[in-house]
Amino acid sequence: MNYWKRIIKGRASYYIVAALIIISWVIIGMRVRLLASDAIVDGENEVYAYKHSNTLNITDSGLLWLVNLQNPLDSDFVPSNLVSHQGIRLQAPAFAAYNQMLAAMKADGIQGLQLASAYRPYVYQRDLFTTKVNTLKSQGHNPEAAIELAAQVLQRPGASEHQTGLALDVTVAGDLTEDFGKTAAGKWIEENSHRFGFIIRYPQSKTEITHIIYEPWHLRYVGLPHATIMFENNLTLEEYAGFIAETGNYIIWTEPRGSREFYLVIHSDEWPQTIHDRLIDISSVCPGGGGGYILTMRGMYITY
Ligand code: ZN
């Protein structure tokens, strides 16, 4: 798991600056305990509440949230910043990015992309799953077998990342099939959606990691720079978020190349207020897999 060796970009002097930042962050992190940090530990709604406080200028929250069968969402989780367009709901930053992507596609001469589905509440998935199980039972399967079979074609309640309000299904023909990947829109999305913060969440080559069939129509908003890092390194969210959530792992990313601006993506057990105040903007916070947070911080290389 040496992804960071491939991912880290930039000159050696940049590493030194970044290393100093990390070292000071570790030292500061051990000494600073914010009362507010408890509010974040407790759950997803508190993360969103924190986002709207003036203490830190966090622009995005929960973008790297890994949701799957092993990491389901609570039944009462509802994103706080959903916006609606023609009955389809998405988190506001994801919707804005989708509209930008749509405009860029049109500028490249590709028309007809439609949003088929986005945010789905827990109860929607629960009812869908229950209906499927009941149908299978009525066909003669015993209850355990019916649940097993239903889970092969549907996400269990809580395990669908549509509940995050960050996932969307797109189509040109109305159907959600593998053939979408072969259309002009599908190919464009495969190559370009990362520039707008989207990943193809269930790629063809990673089904043994995601445990989900190839779904070229299902996009997940993770924001920048994450989508581009994952695209260029061929990483799923399981691999990327999992790597960072391991204590001690981090990613430094400069984009565009040669820019003095960099991102530091890091796992933190504590809330590094002081480094935010002095050095770096925290632009995103997300719960880490085994506790703590995944922080995305934006800074500038300082040269003397
Ligand atoms: Zn989907």
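Biologist: Which way do the residues of S5 point?
Modeller: Ala167, Asp169 and Thr171 go one way and Leu168 and Val170 the other, and all are buried. Buried means under 20% relative accessible area with a 1.4 Å probe on protein chains only, exposed means over 50%, and partly exposed is in between. In a regular strand, side chains alternate between the two faces of the sheet.

Biologist: OK, and what are we looking at here?
Modeller: A predicted model, where local features need pLDDT of at least 70 and side-chain atom pairs count only at pLDDT 80 or more, while totals for chains, interfaces and linings use all residues. Residues are numbered from 1 along each chain as its sequence is written, and side-chain values use heavy atoms, with hydrogens and water left out.

Biologist: How many residues of S5 are buried?
Modeller: Five of the five, so S5 is largely enclosed by the rest of the structure. Strands here are DSSP runs of E, at least two residues, and helices are runs of H or I, at least four, numbered from the N terminus.

Biologist: Which strands form the open sheet?
Modeller: Four of them, in the order S4-S5-S7-S6, with antiparallel pairing. To pair, two strands need at least two DSSP bridges between them. S4 (114–117) and S6 (198–202) are at the edges with a single partner strand each, so one side of each has no neighbour in the sheet.

Biologist: Where does S5 meet its partners, residue by residue?
Modeller: S4 and S5 pair over three bridges, and Gln114 is opposite Thr171 in S5. S5 and S7 also pair over three bridges, with Ala167 facing Arg220 in S7.

Biologist: Switching to the metal: what are the protein donors of the zinc ion?
Modeller: His162 (NE2), Asp169 (OD) and His218 (ND1), lying 2.1 Å from the zinc ion. Asp169 is in S5 (residues 167–171) and His218 in S7 (residues 215–221), so this pair ties together parts 49 residues apart in sequence. Donors are N, O and S atoms within 2.8 Å of the metal (3.2 Å for Na, K and Ca); water is not among the atoms, so sites may look incomplete.

Biologist: What spacing do the donors follow along the chain?
Modeller: H-x6-D-x48-H.

Biologist: Are Asp169 and His218 buried or exposed?
Modeller: Both are buried.

Biologist: Last one: why is H11 largely enclosed?
Modeller: Eight of the nine residues of H11 (residues 237–245) are buried, so the rest of the structure largely encloses that helix. Among them are Leu237, Tyr240 and Phe243.
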